[in-house]
Each structure stands twice: as structure tokens, then as C-alpha cells.
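User: Could you take me through the metal sites in this one? I would like to go site by site.

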Amino acid sequence: MSPGRDYYEILGVDRSASQAEVKRAFRRLARQHHPDVNPNDPQAEARFKEIAEAYAVLSNPEKRRQYDQYGVVGVPGGFGAEVWDELGGFGDLFDAFFGARWAPRRGQAARGSDLRYDLEITLEEAAAGAEREIVAERVQRCEECEGTGSESKAEGQACRHCGGTGRAQRTTATPFGRLSTVTTCEVCRGEGSVVVDPCPSCKGVGRRVGTARLSVSVPAGVADGASLRLEGEGQAGERGAPPGDLYVFIHTKEHEVFERRGRDVYCELPIPFTVAALGGSVAVPTLWGPDELKVPAGTQSGQSFVVRGRGLPDVRTGVRGSEHVRVHVATPRKLTARQRELLEEFAREGGDGLDEAKGWFQRFREALGGEGDQ
Ligand SMILES: [Zn+2]
Ligand SMILES: [Zn+2]
């Protein structure tokens, strides 16, 4: 899926639209944009596929929820059963469209298959978005014969073995009489046509294995496990048939400091015990560079603070989540003579903060069954 395209916009419905409204919108648009209804419009097929993809996601409550939350949904391998059911309602019109273009059929060169590529990104890249180059090994169109498989780039000729049907009939005599079986023609492998002058560089197949350098736009805020579809970048189809798609699966590396939960990130931060007691500002790391966190006087270890707008952005709206900072109070391991003197004076003064915790200590002792000294 190309980032930024909005399924709700494609179907022209509200984000709050009911399932019935989504279905109605899809039916209306599908009828309107069907390529057979718009034979002179080259955009119609692309538009129609877009509508079908939007419907595939929004008609499925689980996928719709995922889309609402992250803005992307993995739909490798095409559409779910619900879309086929819906398309079935349109009868042969849709069957012809999907069948001819998306499924191998006798007499038709098969569309190339989809590919999967796993891309590892950092949490910073997930937050800010990134342009990445990937190198994919795939079956590509043979440039020498322009994918025809023929040295002279000629059309295939009807297979003589099967008369162009792609099927062979075999009749065998059995004790119960003659038995006819229909099999795929071995000469043309069921395609009904053969290449007369095979291209020397691809041996008549029209495709060769090669490597492709592709750039991938990782959208800011992309969810871990999301997949991005690069249309037409999968395996090449047979002899001029359309290529498959390439699905890039996103994996986010574990971060040393932050743990991601949706749009929010969590981290732990040690703060000086003087700041915890007196209050003040401490530097806090964020995905967007260092920031400042104001700590009130009397802050306890384990207390959490929220820094708004320092989480990851929503893929569609760009609105950022928060960073949750859990502080723990660092006790100095070494003291200078002067520091020791000051702290001893502080201790003599009393008010060490334990008064408030007295109730807890009382319950603690009771739980241990001890006598308690008060
Ligand atoms: Zn070739
Ligand atoms: Zn044949």
C-alpha cells in the first residue's frame, strides 16, 4: 500500500460509517469504475483495484481496527473471503475481471507471484519515517525479447499438439471399457501457444532472475509488523502478463532506551536525589532529541511523568503520542567530606520522609508476624 492513501476517502465514507454504509459505497463505486464499463479509461483498472482494496480492509472489523489505529494493514496475497463473496454478487462481470487478470487460466499467461521482503528499521526511523533502498532478487522481464520469449518478438503460435486448447485428451482401454482423461498439454504446458523462435537469453520464457534496487518510503509512525505494498515490483508475469507485487514487512529493532507501545514510548530515567528532594529540571532523552523534564520537589522513586508530543506520530494525522518517563532516585556512592558533613547535619534535623511511610512499615511488620517496636 502506498502510504498516505486513505481508504475512507477512496470509498467516500465517514470514519464512523457503519458496515452497511461501507458496503453500499463499495457497490456503488465498483459499478461505476468497473474497467469493462470504462473501456477507454486506462485509470479505471487501477481505480477499481484501489476500491476493492479499501473495501477488503474496511469491511473486515479486525482489519478496520488495525487500519484505524496504525493506518496500515498487511493484506498480502490479495483479498479475504468477504470481498469475493461481495464480488460474487456482481456475477460474471467481476469473475471475468478478476479471473482474467489475477488468476492463471488456460490460454492466459499467468500474472507474476507476489514477493515478500523483510526490512528491519530503527525506532527512530519508525518515528520520523525513512527512505530506504532494498535489493531484491526476483524474476524480471527479459529485456532482450521484451518479455515475449521470442527472438523476433513475435506472438506465440497456436500449439499444434493440442490445437491451441492447452488440453490433451488421453484414451486408454480398461477391462471396463475405454476411459478418457483430460490432462494439461505437455508441449505448451497448458498455455495453448508456443514460441517458435525462442529468445537465446531467456530460452523462450520471457523472464530471467535478476536483482532490483528499489526505494521504499517508510511512513512516519509505521507499526511494527505492518507491510507496505510496492505495486508491480514482484515477480514478472509469464510472457508479458502483469507482474506481482512486492510486500515489504516492517520489523522494528529493539531500542536501548525506549520501549514502544502503540504511539507512546516508555523509558526509565535516573535523577539525582537532590533534584528529587528539591525539585528542578533534568535532561531527558526523546526520539526527537534531548528535552527537559520538570521534576517537582518531593519526587519519589518509581514515579512516572508524561512528556507530551514526544512519542511516535499517527501514520495518517501525524499527531504524536507521549513519552512516559519513570524516574528512579540515584543515591550517591561516594561522598566528599563536606557532603558527608552536610548530610549528617540534614539527618540530625529530622524529617527524612519516612513519617509518611510509617503506616506501610506498620503493616509490613504485622505481615511478618513480628513484635514491632512501637
Ligand atoms: Zn528473452
Ligand atoms: Zn499444447
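**Metal sites**

User: How are the donor residues of the zinc ion (ligand 2) spaced in sequence?

Analyst: This is a predicted model, and in it the donor residues of the zinc ion (ligand 2) follow the spacing C-x2-C-x22-C-x2-C along the sequence.

User: Which parts of the chain does the pair of cysteine 162 and cysteine 188 link?

Analyst: That pair links distant parts of the chain, with cysteine 162 in the loop between β3 and β4 (167-174) and cysteine 188 in the loop between β5 (177-184) and β6, 26 residues apart.

User: Are cysteine 162 and cysteine 188 buried or exposed?

Analyst: Cysteine 162 and cysteine 188 are both buried.

User: And which atoms coordinate the zinc ion (ligand 2), in what arrangement?

Analyst: The zinc ion (ligand 2) is coordinated by the SG atoms of Cys159, Cys162, Cys185 and Cys188 at 2.2 to 2.3 Å, and the arrangement is tetrahedral because the 4 donor atoms subtend angles of 102 to 116°.

User: Switching to the zinc ion (ligand 1), what are its protein donors?

Analyst: Its protein donors are Cys142, Cys145, Cys199 and Cys202, each through SG, lying 2.3 Å from the zinc ion (ligand 1), and these donor residues are spaced C-x2-C-x53-C-x2-C in sequence.

User: Where do cysteine 142 and cysteine 199 sit?

Analyst: Cysteine 142 lies in the loop between β2 (130-141) and β3 (157-158), whereas cysteine 199 lies in the loop between β6 (193-194) and β7 (207-218), so that the pair, 57 residues apart, links distant parts of the chain; cysteine 142 and cysteine 199 are buried.

User: Why is the arrangement around the zinc ion (ligand 1) tetrahedral?

Analyst: It counts as tetrahedral because the 4 donor atoms around the zinc ion (ligand 1) subtend angles of 103 to 117°, and all angles have to lie between 85 and 135 degrees for that.

How values were computed. Residues are numbered from 1 along each chain as its sequence is written. Chains are lettered from A and ligands numbered from 1 in the order in which they are written. This is a predicted model: local features need pLDDT of at least 70, side-chain atom pairs count only at pLDDT 80 or more; totals for chains, interfaces and linings use all residues. Side-chain values use heavy atoms; hydrogens and water are left out. Donors are N, O and S atoms within 2.8 Å of the metal (3.2 Å for Na, K and Ca); water is not among the atoms, so sites may look incomplete. Four donors count as tetrahedral if all angles lie between 85 and 135 degrees; four count as square planar and six as octahedral if opposite donors are over 155 degrees apart and all others between 65 and 115; anything else is irregular. Helices (H or I, at least four residues) and strands (E, at least two) are DSSP runs, numbered from the N terminus. Buried means under 20% relative accessible area, exposed over 50%, partly exposed in between (1.4 Å probe, protein chains only).
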